[in-house]
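Good morning, everyone, and thank you for making time for this. Before I say anything, please take a moment with the sequence and the model on the screen.

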Amino acid sequence: MSGSPVLRPVKLKREGDQLVIDWSDGIRTAVTWQTLRQQCPCAACQEQRAKPPDPFRVLSPRELAAGAPSPVQMLPRGYYAYQIIWNDGHDTGIYTLENLRKMSQVVSSASTAKSSS
Ligand SMILES: [Zn+2]
């Protein structure tokens with residue numbers, strides 16, 4: 001219970017094509033679902049990204065049908081992560097809070113007036 005405060009989301013909301021998060025340190029961040037989908041941390045996607053791009057790769061019918069990546073569900077996984085289930089059926093990505101924060105852009109900060117200690 002003691003020690004440094006853990007950074008956690010106070011509020012998560014879906015705003016169009018973005019995930020907007022209010023963090024416990026007063027920072028608000030936003031990240032597009034597309035970015036989250038592209039940066040999926042699961043082993044299969046990491047492997048996919050490690051490969052050189054394939055110019056002949058075609059989208060699977062499922063990907064084409066799904067269009068822009070969009071979350072179907074976002075489930076808490078323990079205290080530190082969220083699992084995102086995508087409209088293309090992909091559901092193995094577990095996004096830690098740390099990852100979500102890193103992938104997001106800061107859009108506003110409540111700590112401009114006061115200094116944090
Ligand atoms: Zn993945």
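Predicted model: local features only at pLDDT ≥ 70, side-chain atom pairs only at ≥ 80, totals over all residues.

To follow the order of elements, we need one convention: helices, of at least four residues, and strands, of at least two, are DSSP runs, numbered from the N terminus. Read in that way, the elements of the chain run β-β-β-α-α-α-β-β-β-α-β from the N terminus on, which comes to four helices and seven strands.

Turning to the chain as a whole, 13% of its 117 residues count as buried. If we take the contacts between residues at least 6 apart in sequence, 43% of them join residues at least 24 apart.

Which residues make up the largest nonpolar core? There are nine of them, namely Leu19, Ile21, Trp23, Val31, Leu36, Tyr82, Ile84, Tyr95 and Leu100. The elements that give two or more residues to this core are strand E2, covering 18–23, and strand E5, covering 81–86, and E2 provides the largest share, with three residues.

Let me finish with one member of that core, Val31. Leaving aside residues up to four places away in sequence, Val31 touches Gln18, Leu19 and Leu36, and also Met103, Ser104 and Gln105.

Terms used
Residues numbered from 1 in each chain as written. Core = buried A, V, L, I, M, F, W, Y, C linked by C-beta atoms within 7 Å. Buried ≥ 20, exposed ≤ 12 C-beta atoms within 10 Å, placed from the backbone. Contact = placed C-beta atoms within 7 Å.
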